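Please examine the sequence and the three-dimensional structure shown below. The report that follows is written to be read alongside them.

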Amino acid sequence: MCIRDSSREGRWGQQRRQCGIWEEEKEEEDKKVEVKEEIVVTPEPNLFYDRAVIKTEVGTITGYGPDCAGCSGITASGHNLHESIYYNDLEFGTVRILAADKSIPFYSIFRVSNIPGMDPFLAIVLDTGGNVGYGKGTLFDLAHANEQNGVLPKTSNVTFEMLR
């Protein structure tokens with residue numbers, strides 16, 4: 001005869017387990033499971049400091065959004081800024097988007113640094129603009145999600161290192 005343990009929940013499976021029917025499951029139930037907390041470390045972005053710099057420019061940068069006056073949100077190279085202000089480059093990974101002078105080829109990669117309050121970052125030229133370029137006061141224009149939220153003000157003495 002099987003005696004029911006009143007400390008159990010009283011389910012028929014647990015009662016059968018006490019009667020020796022599922023003895024091996026009872027042994028597994030008694031084992032403790034050790035849970036380890038996994039710590040996720042975000043790696044520093046690869047800024048390709050080991051890469052040769054083709055040329056260095058020091059100048060002014062501003063910001064723009066896809067909703068700027070006269071903008072369609074589609075860059076001169078065809079990228080839709082309404083969808084993303086980033087570009088996934090096969091060689092350099094996820095990079096920001098820049099507008100530049102028409103003399104700088106599309107898909108040129110720059111390491112941009114010396115912007116107060118911002119870490120250095122990689123950016124790709126996918127756009128041109130009427131107010132950016134040599135002799136226009138601003139070398140580059142950094143794409144932002146929209147004109148209202150956090151567009152970069154005109155900033156001087158920014159370093160642009162061409163990597164590709």
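This is a predicted model: local features need pLDDT of at least 70, side-chain atom pairs count only at pLDDT 80 or more; totals for chains, interfaces and linings use all residues.

## A buried threonine

Thr-75 is placed in a loop, with strand S1 (55–64) on one side and strand S2 (86–89) on the other. Its relative accessibility is 4%, and because buried means under 20% relative accessible area, Thr-75 counts as buried.

The surroundings of Thr-75 can be described residue by residue. Beyond its neighbours within four places in sequence, Thr-75 is in contact with Tyr-64, Leu-81, Ile-97, Leu-126 and Asp-127. With one of these residues there is a further detail: the side chain of Thr-75 reaches the backbone oxygen of Leu-126 at a distance of 3.0 Å.

## Two asparagines with positive phi

Asn-114 is not a glycine, yet its phi is positive, at about 75°. This residue is found in the loop between strand S4 (109–113) and strand S5 (121–128).

Asn-157 is likewise not a glycine and has a positive phi, of about 60°. Asn-157 lies within strand S7, which covers residues 155–162. Is Asn-157 buried or exposed? Its relative accessible area is 53%, and since exposed means over 50%, Asn-157 is exposed.

## Aromatic rings

The count of aromatic pairs in the model comes to four. In the pair of Phe-140 and Phe-160, the ring centres are 4.4 Å apart and the planes meet at 40°, so the pair is tilted. This pair links distant parts of the chain, with Phe-140 in strand S6 (residues 140–143) and Phe-160 in strand S7, 20 residues apart.

Phe-140 and Phe-160 are both buried. Together with Phe-110, these two residues form one aromatic cluster.

## The largest pocket

How much space lies in the largest pocket? The volume is about 330 Å³. Its lining is made up of 21 residues, and those nearest the centre of the pocket are Tyr-64, Cys-68, Cys-71, Gly-129 and Asp-141. The elements that give two or more residues to this lining are S1 and S5. The largest share, three residues, comes from S1.

Definitions and conventions:
Residues are numbered from 1 along each chain as its sequence is written. Side-chain values use heavy atoms; hydrogens and water are left out. Helices (H or I, at least four residues) and strands (E, at least two) are DSSP runs, numbered from the N terminus. Buried means under 20% relative accessible area, exposed over 50%, partly exposed in between (1.4 Å probe, protein chains only). A polar contact is a pair of N or O atoms within 3.5 Å; within protein, one must be able to donate a hydrogen and the other to accept it, and residues adjacent in sequence count only if both atoms are side-chain atoms. Contact means heavy atoms within 4.5 Å. Rings of Phe, Tyr and Trp (its six-membered ring) pair if their centres lie within 6.5 Å; planes under 30 degrees apart count as stacked, over 60 as edge-to-face and the rest as tilted. On a 1 Å grid over the protein atoms alone, a cavity is a set of points where a 1.4 Å probe fits but cannot get out, and a pocket is an open set with protein on both sides within 12 Å along at least five of seven lines; lining residues have an atom within 4 Å of a point. Grid points are joined across faces, edges and corners, and a volume is the space filled by probe spheres set on the points.
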